Amino acid sequence: MSTTVANTGTEVKTWGGGNEPLKASYGKMMMWFFIVSDALTFSGFLAAYGFSRFKFIDSWPIADEVFTHVPFLHGQELPMIYVAFMTFVLIMSSVTMVLAVDAGHHLNKAKVTIYMFLTIIGGLIFVGSQAWEWATFIQGDFGAVQTKGGNILQFVDAEGHRVALRDFVEVGEHERVQQERKNGIWFVKEGTLPTYTVEEVIHGLEKHENVLVRTQILNEHGHKTVLTRAESLKQLKANGKHVVEGANLKENEYGSPLFADFFFFITGFHGFHVFSGVIINIIIFFNVILGTYEKRKSYEMVEKVGLYWHFVDLVWVFVFTFFYLV
């Protein structure tokens, strides 16, 4: 059965982009679609972080007191120095990626190789630094006591400087048993035992009159509230539940556990992006060395992975601003 199609002369040409809409190749368009969708995902995460932070704005940890560590400078209070270094390295890796893309436009294989290599080194330094920062955050530094209401009690000297538990608490001689389900107490299970008990902390606080308790509640000046000597002992004896060392998904010696949850999730998600970018960069780097793109007379793959790398850098600027600066 044959079908006759009548041409009315009113047909409109609806697609004129050919195989390069907006003068971009298919692969580059797909990379832009991925970047836009990923940007929406990160926007959702950061928006959730912002809402949570303002909900608990009177007790949110102060970033300057949390991220003070620098490798090989243990014991030094250097707020944000290492995070600033990480940010600088990542931004510089974006600069070297720009130079690699530009060299690709000029079909300069030697320069593409050098700048891709520098970009990979920058990415590896950032990922390694982030892993070190995670380990430091998890391990903690000063220790604190969690109250029955879930708040955190920290310790300071008379001048307001943080005091670590190890500086005034002594471990008792009594034996401590970690409750596990295999011991038959199936309804009582606890994680790794902290170094000290609350009773040992109370005893240490009583012996050191220059140590005070600081709550996680911020005062009108934006500083955490420091209790008097009598209030410190009373608060610790009445509400001290257990000792917290470091941070994890359940507790956080720096303050609200929600801060640690967002930190692990958002920086971890971004770190995974950087790690993936490094792997892709390494693959492209070896393709450049093998002359794959030189034979094609096109380094567009370098340009596409460059888009991804710039996006990862841009996201970090927002993560850095939300977590560390604001």
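The legends below describe close-up views of a predicted model.

**View 1. The largest nonpolar core and its most connected residues.**
This core holds 52 residues, and F67, F137, V302, W316, F323 and Y324 touch the most other members. Helices α1 (26-55), α2 (63-66), α3, α4, α7 (257-290) and α9 each supply at least two residues of the core. The most comes from α9, which gives 13 residues. In soluble globular proteins, nonpolar side chains tend to be buried together.

**View 2. The surroundings of V302.**
V302 is among the residues that touch the most other members of the largest nonpolar core. Which residues does V302 touch, not counting residues up to four places away in sequence? They are M97, A100, V101, V112, M116, I284 and V288.

T87 is part of helix α3. With a relative accessible area of 9%, below the 20% limit for a buried residue, T87 is therefore counted as buried. When neighbours within four places in sequence are left aside, T87 is in contact with W316 and F320.

**View 3. The largest cavity.**
The model has one cavity of 30 Å³ or more. The volume of the largest cavity is about 110 Å³. The lining is made of 14 residues, and those closest to the centre of the cavity are V66, F67, T68, H69 and E133.

**View 4. The make-up of the cavity lining.**
Which kinds of residue form the lining of the largest cavity, and how many of each? Ten are nonpolar, three are polar and one is charged. Helices α3 and α4 each supply at least two of the lining residues. The largest share comes from α4, with four residues.

**View 5. The aromatic pair of Y293 and Y299.**
The model contains 33 aromatic pairs. One of them joins Y293 and Y299, with ring centres 6.0 Å apart and 55° between the planes. This pair is tilted, because only planes over 60 degrees apart count as edge-to-face and only those under 30 as stacked. Are the two partners buried or exposed? Y293 is buried, at 2% relative accessible area, and Y299 is buried too, at 6%.

**View 6. L107, a residue with positive phi.**
L107 is located in the loop between α3 (81-105) and α4 (109-139). The phi of L107 is near 55°, which is positive although the residue is not glycine. Most residues other than glycine have a negative phi. L107 has a relative accessibility of 40% and so counts as partly exposed.

K297 sits in the loop between α8 (292-296) and α9 (300-325). What is the phi of K297? The value is near 60°, again positive in a residue other than glycine. K297 is exposed, because its relative accessible area of 63% is over the 50% limit.

Terms used. Residues are numbered from 1 along each chain as its sequence is written. This is a predicted model: local features need pLDDT of at least 70, side-chain atom pairs count only at pLDDT 80 or more; totals for chains, interfaces and linings use all residues. Side-chain values use heavy atoms; hydrogens and water are left out. Buried means under 20% relative accessible area, exposed over 50%, partly exposed in between (1.4 Å probe, protein chains only). Rings of Phe, Tyr and Trp (its six-membered ring) pair if their centres lie within 6.5 Å; planes under 30 degrees apart count as stacked, over 60 as edge-to-face and the rest as tilted. A nonpolar core is a set of buried Ala, Val, Leu, Ile, Met, Phe, Trp, Tyr and Cys residues joined through side-chain atoms within 4.5 Å. Contact means heavy atoms within 4.5 Å. On a 1 Å grid over the protein atoms alone, a cavity is a set of points where a 1.4 Å probe fits but cannot get out, and a pocket is an open set with protein on both sides within 12 Å along at least five of seven lines; lining residues have an atom within 4 Å of a point. Grid points are joined across faces, edges and corners, and a volume is the space filled by probe spheres set on the points. Ala, Val, Leu, Ile, Met, Phe, Trp, Tyr, Cys and Pro count as nonpolar, Asp, Glu, Lys and Arg as charged, and the others, Gly among them, as polar.
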